[in-house]
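This report describes selected local features of a predicted model. It begins with the confidence of the prediction and then turns to a loop residue and a helix.

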Amino acid sequence: MEELKYWIWLSGVFSPGSDKPKLLLEHFKSPERIYSAGTDELSRLSFIGKRELKRLEDKSLDDAVNIIKDCEKNKIKIVTYSQKLYPNKLKNIFGAPILLYYFGDISKLNEQVVITIVGTRKAHEYGKTVTCNMAMQLSSAGVLIVSGCAVGIDTFAHKGALMANGNTVAVLGCGLLVDYPSENHNLKLEIIKQGGALISELPPRTAVNGRYFPVRNRILAGLSDGVLVTEAPLRSGSLITAEHAIEQGKDLFCIPPADIYSSAYSGVKRYIRDGAVTVCDVEDILREYEHIKPHSIRQTLTLINNSDNYSERDITKKRVEPCVVVYKDIQIKEDEISGENPEKEKRFKEFDLNLSDDCKRVYEAIGEAEPHINDICERTGMPISKLLAVLTELELAGMIIAMSGRRYKKA
């Protein structure tokens, strides 16, 4: 407990997604050493601003001690950046969390091929079915499925893995003791029961806040070897995960649209145009990782090649329909599928919205041309991880449009 309280203190000094705790650790070697550092020593660091310096000068450990007690009471485990159990793939991303709170078993994140599956909350039947099938087939091949436990595509990603008797990990955008979304309460229990895990970088009682979800998505991408987008409109928050995957150098896979004219798949079409791997069969993903898990993946590929109708069943011949039938009473209107919102579709004649200063700065940096993301990054001086979240916020607000080739223009 003595060392852990300094890790928790440090994680609370900076906002989620900041890379500065990692830079401080590289300089001071331990959070306890950071805690004991004086103002003069900290102020000499070029990456520490006045506001951050003031927060580092707050030496109270009370909150950290209370969090530890809360975790012990509720059997929540904590892994820090320095421990062997910490996910290796996560260490090299920008803004890697310096600790993770979790229920269940996270050891498999360092042992298995990991594919993160993301998509829209308002999923079409095609997206649900394909997601469930892909998750089942990947899981049967020994792949660990990661998703965000939201309603929609995330739910079917987790369910598909569970139906194949595999493991799956849910990365939450709130504290582990917050029952969100309530619809997936039993799903969370099943994930843990079957040997998977629930993960969050936020203290256990952190309430739901919209600003945490875009930042959480860097972890979804960071834990993976590759990210699969199955259904997403152009303004889907799941595309933040795709952007992080590109930035982190991860493989990006996309399912072909069920309808090339439907805006429900416009986000997917964008990445297919820009060179993402088009997945027509689970084999298109497994071939990329056969060298990592040769036995289980070859066994799955053999089953695929010997089956005329493999896409409708998993390795154990368990059919997918029960997973879909559970949701057959949900009637999704076309405007819900597309993710369109009349209020967000309005053209903004005056730039007087309650947008953050960062949003305004990025919007002005885009100008009247169609700059590449690297140019915007240079003009604003923002870290790419933060810039991706701001660009997505502007897209969702209808202020900008993402073009092919990672270029952006004002709406």
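Over residues 308-353, pLDDT stays under 50, and for this stretch the model has 74 contacts beyond four places in sequence. Where pLDDT is low, the predicted coordinates should not be read in detail. For the chain, the average pLDDT is 84, and 85% of the residues score at least 70.

**The loop residue N167**

N167 belongs to the loop that runs between α8 (153-163) and β5 (168-171). Its relative accessibility is 16%, and because buried means under 20%, N167 counts as buried. Leaving aside residues up to four places away in sequence, N167 touches K108, Q112, S139, L144, I145, A161, Q194, G195 and G196. Two of the distances from the side chain of N167 to backbone oxygens are listed below.

| Side chain | Backbone oxygen | Distance |
|---|---|---|
| N167 | Q194 | 2.9 Å |
| N167 | G195 | 3.5 Å |

**Helix α9**

Helix α9 spans residues 185-193, and its residues L187, K188 and I191 are buried. Viewed down the helix axis, the buried residues of α9 fall within an arc of 100°, so they line one face of the helix. These buried residues pack against α8, β5 and β6 (197-200). On the face of α9 turned away from the buried side are the exposed residues N186 and K193.

How values were computed. Residues numbered from 1 in each chain as written. Predicted model: local features only at pLDDT ≥ 70, side-chain atom pairs only at ≥ 80, totals over all residues. Heavy atoms only, no water. Helix = DSSP H or I, 4+ residues; strand = E, 2+ residues; numbered from the N terminus. Buried < 20%, exposed > 50% of the residue type's maximum accessible area, 1.4 Å probe, protein only. Polar contact = N/O pair within 3.5 Å; in protein donor to acceptor, adjacent residues only side chain to side chain. Contact = heavy atoms within 4.5 Å. pLDDT = per-residue confidence, 0-100. Arc of directions from axis to C-beta.
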